[in-house]
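Please take me through this structure in my viewer, one selection at a time. What should I click on next, and what will I find there?

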Amino acid sequence: MVAPCLSCGAAVSYRLFLGGRVSFAGRQGLWKAAAAELHPGAGSQILRLRHTAVVTTKKNVAASRRETYTVDFIKKQIEEFNIGKRHLANMMGEDPETFTQEDIDRAIAYLFPSGLFEKRARPIMKHPEEIFPKQRAIQWGEDGRPFHFLFYTGKQSYYSLMHDTYGKLLDVEKHHSQLRAKDLLAEKTKILKDPIGSRWLIKEELEEMLVEKLSDQDYTQFIRLLERLSALPGGATEEEFVNRFRRSVPIQSKHQLIEPLQYDEQGKAFSRGEGKRKTAKAEVVVYGQGSGRIDINGVDYLLYFPVTQDREQLMFPFHFLDRLGKHDVTCMVSGGGRSAQAGAIRLAMARALCSFVTEDEVEWMRQDGETVPCVPEDTQVG
Amino acid sequence: MAAPAVKAARGWSGSALGVRIAVFRFPGLTQVRWSRYGPEYKDPQTDKEYYRKSLAEQTEEEKYERELKKTQLIKAAPATKTSSVFEDPVISKFTNMMMKGGNKVLARSLMTQTLEAVKRKQFEKYHAASAEEQATIERNPYTIFHQALKNCEPVIGLVPILKGGHFYQVPVPLADRRRRFLAMKWMITECREKKHRRVLMPEKLSQELLEAFHNQGPVIKRKHDMHKMAEANRALAHYRWW
């Protein structure tokens with residue numbers, strides 16, 4: 001009753017139980033959830049057979065070459081994807097013209113809910129460019145002669161890129177020495193304007209760009225050459241060339257959402273904050289004008305935390321911002337132990353204080369490690 | 001210029017944990033505590049003065065460092081670290097080493113009692129001394145503590161090296177952190193073992209600290225013994241290969 005399972009290209013053995021199976025057809029990279037076959041067992045005579053499917057080793061299956069996707073095939077996939085996108089938009093009752101990738105993801109998650117833990121194993125519908133690995137077109141003509149002059153190096157894109165970069169470097173140096181000979185040294189603006197807000201490509205990104213495998217030494221060599229180029233003064237073309245290999249780095253403090261101050265009936269400014277540490281959860285309300293009173297679950301902090309270390313933790317955000325006696329705090333905390341509760345309240349207070357404080361000070365608090373949630377250490381046993 | 005990889009703190013279901021590279025110390029010592037932060041996470045800077053410096057006072061390097069820090073991921077400050085003026089990293093480390101079974105409350109109270117005992121003893125001496133001597137008596141327990149531990153630090157250490165089937169004690173230069181660790185370890189072991197059972201730890205420890213401050217006492221003797229052994233085994237120094 002149970003059809004033999006399909007192998008996924010690699011050698012896999014399944015242990016099947018009658019009652020349900022899901023098979024993966026990994027042919028085109030899209031998971032298809034097959035209908036689970038229900039055993040029509042009725043009454044007390046359900047046979048509980050345990051099958052072990054045939055293990056297919058690599059010898060039986062046709063030699064697994066890298067599957068080459070032709071250009072026509074990819075084009076067809078893209079057309080199918082676009083049509084499928086429009087159908088999906090219709091199904092969801094949205095406008096097909098303005099259906100973005102996020103909408104697609106949400107629709108798929110709604111229509112095919114999956115409980116799998118591995119996010120990459122869940123059903124996806126993405127543009128074929130992202131699914132099929134990029135492959136290169138045939139590098140040689142009908143007569144067998146390669147198009148690119150560096151084909152026989154094996155890594156033609158990489159070496160041609162190095163060649164171009166070094167050519168640019170020599171040009172810039174020549175230009176620079178000419179200017180110096182004529183005593184026309186212009187303003188010394190380096191090619192690389194913002195070394196902090198951006199970073200060099202990582203090796204994977206470069207490989208993706210060149211559609212070629214690189215070694216670590218190749219990558220470091222290229223980056224060194226780029227750094228040499230970017231340290232020289234140059235014009236707009238060189239800047240544009242170098243910026244092609246830079247990716248922007250986000251400023252971390254932007255991740256923190258700062259709530260605006262709220263005001264209660266008497267006009268006092270207050271702000272809420274939440275914090276977690278191990279299993280302790282704390283919710284905190286920090287009032288603008290106060291005398292440094294802290295109430296935890298209705299009890300004063302001196303009674304709630306008899307240990308000095310915990311009270312020092314509570315004091316930390318205020319002391320750091322020089323606002324020790326200026327705020328009143330009310331908090332509710334539950335779970336965890338005494339140190340975890342103190343840490344949770346500290347985090348919640350630091351987050352609440354972000355609303356009272358300038359952006360610079362928010363960044364300082366982040367660099368201090370106060371507004372960052374704590375990731376506990378992993379202690380191995382044995 | 002480093003290229004920080006853009007990865008968040010890894011959770012349980014992620015791929016590799018943020019593993020610190022195992023430093024080869026001695027065979028048989030492996031790491032048991034693994035940090036769950038990736039290598040791109042930097043330690044937090046709790047010094048208030050660092051942040052309050054105005055733009056005019058900062059050097060070029062500091063300005064660059066500050067800009068760079070804005071894009072870096074930072075770990076959370078641990079529960080023992082605050083920006084308080086009363087916090088001392090040496091005292092914290094010593095308290096942690098004195099701690100048994102995770103009883104930080106007890107260790108910290110012992111530490112405060114020790115410092116109090118040191119201060120009391122010094123004040124007694126101060127009040128009993130004449131005017132000239134009063135100038136020489138140090139009353140700040142923190143300076144006494146730091147100076148005592150510094151006096152106990154060995155300059156050179158011994159390492160067992162296996163050669164020809166025998167273990168030889170080879171003299172070896174010690175890193176700063178190893179020296180500090182040895183000083184603290186010797187102090188604590190001395191106070192735990194060589195005291196009468198009715199004598200409490202703060203009293204014994206304060207006594208040892210004061211003796212070490214004056215370059216006397218059993219811990220200093222142990223340091224000198226270590227130096228003498230190293231001097232005696234000078235011939236084996238070439239067994240060291242690092």
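Select chain B to begin: of its 242 residues, 36% count as buried. This is a predicted model, so keep that in mind as you look around. Colour chain B by secondary structure and you will find 9 helices and 5 strands. Following the sequence, the elements come in the pattern β-β-α-α-β-α-α-α-α-β-β-α-α-α. Among contacts in chain B between residues at least 6 apart in sequence, 64% join residues at least 24 apart.

Next come some packed helices. Two packed helices are described by the angle between their axes and the distance between the axes.

Pick helix α3 (residues 89-98) of chain B together with α4(B). Their axes are 9 Å apart and meet at an angle of about 125 degrees. That angle falls between 115 and 145 degrees, so the pair counts as oblique. The crossing of α3(B) past α4(B) is right-handed. To see the contact, show the side chains of Ile91(B), Phe94(B), Thr95(B), Asn96(B) and Met98(B) on α3(B). On α4(B), their partners are Lys104(B), Ala107(B), Arg108(B), Leu110(B), Met111(B) and Leu115(B). By class, the residues of this contact divide into 7 nonpolar, 2 polar and 2 charged.

From α4(B), the contact uses Leu110(B), Gln113(B), Thr114(B), Ala117(B), Val118(B), Lys121(B) and Gln122(B). Residues on the α8(B) side include Met201(B), Pro202(B), Leu205(B), Leu209(B) and Leu210(B). The contact of α4(B) with α8(B) has 8 nonpolar, 5 polar and 2 charged residues. Leu110(B) is worth a click, as it takes part in the contact with α3(B) and in the one with α8(B).

Move along to Asn215(B), in the loop between α8 and α9 (218-232) of chain B. Is Asn215(B) buried, partly exposed or exposed? Its relative accessibility is 45%, so Asn215(B) counts as partly exposed. Check its backbone too: phi is near 60 degrees, a positive value in a residue other than glycine. Most residues other than glycine have a negative phi.

**Across to chain A**

Switch to chain A, which has 11 helices and 11 strands. Buried residues make up 33% of its 382 residues.

Zoom in on Asp322(A), in the loop between α9 (308-320) and β10 (328-334) of chain A. Asp322(A) is not a glycine, yet has a positive phi of about 60 degrees. With a relative accessibility of 39%, Asp322(A) is partly exposed.

Lys134(A) is exposed, because its relative accessible area of 52% is over 50%. Finally, draw a distance from the C-alpha atom of Lys134(A) to that of Ile108(A): the two residues are 26 apart along the chain, and these atoms are separated by 25 Å.

Technical notes: Residues are numbered from 1 along each chain as its sequence is written. Chains are lettered from A and ligands numbered from 1 in the order in which they are written. This is a predicted model: local features need pLDDT of at least 70, side-chain atom pairs count only at pLDDT 80 or more; totals for chains, interfaces and linings use all residues. Side-chain values use heavy atoms; hydrogens and water are left out. Contact means heavy atoms within 4.5 Å. Helices (H or I, at least four residues) and strands (E, at least two) are DSSP runs, numbered from the N terminus. Ala, Val, Leu, Ile, Met, Phe, Trp, Tyr, Cys and Pro count as nonpolar, Asp, Glu, Lys and Arg as charged, and the others, Gly among them, as polar. Buried means under 20% relative accessible area, exposed over 50%, partly exposed in between (1.4 Å probe, protein chains only). Axes are lines fitted to C-alpha atoms, for helices over the stretch in contact, and angles run from 0 to 180 degrees between N-to-C directions. Angles under 35 degrees count as roughly parallel, over 145 as roughly antiparallel, 65 to 115 as roughly perpendicular and the rest as oblique. A crossing is left-handed if the near helix is turned anticlockwise from the far one by less than a right angle, and right-handed if clockwise.
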